[in-house]
Structures are given as structure tokens and as C-alpha cells.
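Subject: Structure handover and notes

Dear colleague,

I am passing on the structure we spoke about, and my notes on it follow below. Please have it open while you read.

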Amino acid sequence: MSLTSRVAGPALLLSPVLVFVLALGAPPAIAEDCPAKSTQMDDIIDAINAAPGCDRAMKIFEACEFGASGDVQFGAAVEKKCEGDFLGRLTAPKKQAYRHEMRVCDRKYRNESGTMYLSFTAFCRAEVAQRYSQRARKTAGASR
């Protein structure tokens, strides 16, 4: 009797193939290639700015991310693109809530070191702006 069967019992004895399949987990999502004309920061920002809407701008950001401090500029471009859908129409309390959510993102990784945390903050902020944009578009679509 093996140690595994004595400790875990027969129910936990797994075939090597099953262990391999479980270790792999779900298949990874296929990432989109960066659609910018190059991986230069200005070209990526141009692609984000040229995106037809907030959601597409976010997809470009995700596809072209650096995973470092350069993402701050990409995230800011996404924020600006998304804010065009809602910022001017927010009531004062909703604008205050939006700013609060952005500050939460700014504080989330403030005590961490490394440029990847700047990227995480940029994504957090862009995601907040995207959510507000999606809500505004949904509300506008429902009122038509």
C-alpha cells in the first residue's frame, strides 16, 4: 500500500494523465495581436485614440500592454476615450463616485515596488472608465 493510499484513501489516487489534465486547467484565451503599426509607444497610443469606441480601445490596450510603466500612458488614453461616453453627463454625486473609484485604483498598489504595479494601476483605472462607459451606453440605448 502506498503512502498516498494510506493517507488520502483510494478516492484520491489519480492516473498520471488525469493529473496532467487537471494541472493544465482551462485552455488559455487566445490573445489578440497588437493592432498598432509597431510596438512603439506613440503607435500604440495612436491606435487607442483611433479606436471606434471605449471597448475597442480597451482591447487594444490589453493586446499591446507592456506590463510596466509604459502602460500608464496607454491606460490614460483608454480613460480619455471611455470618458467621452459619460463624463459630461454624470451628475455631481456620480462624478464624485467615479473619482472615488479612480482613487481606489491609485491607492491599491501604492505600497508596492516595481513598474508592473504601475501597469496594474493603469488597468484598474481603465477598467473603471470602461464600466462607466458601458453603463452610460446601456442607459442611452434603453432610453431610445
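With which residue does Glu 79 form a salt bridge? The partner is Arg 125, and the closest N and O atoms of the two are 2.9 Å apart; a salt bridge here is a side-chain nitrogen of Lys or Arg within 4 Å of a carboxyl oxygen of Asp or Glu. The pair links distant parts of the chain, since Glu 79 belongs to helix H5 (residues 71-83) and Arg 125 to helix H7, 46 residues apart.

Before going further, please keep in mind that this is a predicted model, in which local features need pLDDT of at least 70 and side-chain atom pairs count only at pLDDT 80 or more, whereas totals for chains, interfaces and linings use all residues. Residues are numbered from 1 along each chain as its sequence is written, and side-chain values use heavy atoms, with hydrogens and water left out.

Overall architecture

The protein has seven helices and zero strands, where helices (H or I, at least four residues) and strands (E, at least two) are DSSP runs numbered from the N terminus. Of its 144 residues, 29% count as buried, a word that stands for under 20% relative accessible area, with exposed meaning over 50% and partly exposed in between (1.4 Å probe, protein chains only). Among the contacts in the protein with a separation of 6 or more, 66% are between residues 24 or more positions apart, a contact being heavy atoms within 4.5 Å.

The core

The largest nonpolar core has 29 residues, and those with the most contacts inside it are Ile 48, Phe 61, Val 78, Phe 86 and Tyr 98; such a core is a set of buried Ala, Val, Leu, Ile, Met, Phe, Trp, Tyr and Cys residues joined through side-chain atoms within 4.5 Å. Helices H3 (41-50), H4, H5, H6 and H7 each supply at least two residues of this core, and H7 gives the most to it, with eight residues.

In helix H4 (residues 54-64), the buried residues are Cys 54, Ala 57, Met 58, Ile 60, Phe 61 and Cys 64. They lie on the same side of H4 because they cover an arc of only 160° around the axis, the arc being that of the directions from the helix axis to the C-beta atoms. As background, an α-helix has 3.6 residues a turn, so residues three or four places apart point the same way.

Gln 130, in helix H7, is also buried, with a relative accessible area of 15%. Leaving aside its neighbours within four places in sequence, Gln 130 is in contact with Cys 54, Asp 55, Met 58 and Cys 82.

Aromatic residues

The structure holds nine aromatic pairs, which are counted when rings of Phe, Tyr and Trp (its six-membered ring) have their centres within 6.5 Å, with planes under 30 degrees apart taken as stacked, over 60 as edge-to-face and the rest as tilted. The rings of Tyr 98 and Tyr 132 have their centres 4.9 Å apart and their planes at 65°, so this pair is edge-to-face. Because Tyr 98 lies in helix H6 and Tyr 132 in helix H7, the pair ties together parts that are 34 residues apart in sequence. Both are buried, Tyr 98 at 3% relative accessibility and Tyr 132 with a relative accessible area of 9%.

Not counting residues up to four places away in sequence, Tyr 98 touches several residues, including Phe 86, Leu 90 and Val 128. Elsewhere, Phe 61, Phe 66, Phe 74 and Phe 123 form one aromatic cluster.

Salt bridges

How many salt bridges are there by the rule given above? The count comes to five. One of them joins the side chains of Arg 137 and Asp 55 (3.1 Å, N to O), and since Arg 137 lies in helix H7 (residues 115-142) and Asp 55 in helix H4, this pair ties together parts that are 82 residues apart in sequence. Arg 137 counts as partly exposed at 35% relative accessibility, as does Asp 55 at 27%.

Arg 125 also meets Asp 106 in a salt bridge (3.0 Å, N to O), and this pair links Arg 125 in helix H7 with Asp 106 in helix H6 (residues 92-108), 19 residues apart. Asp 106 is partly exposed, with a relative accessible area of 37%, whereas Glu 79 counts as buried at 10%.

With best wishes
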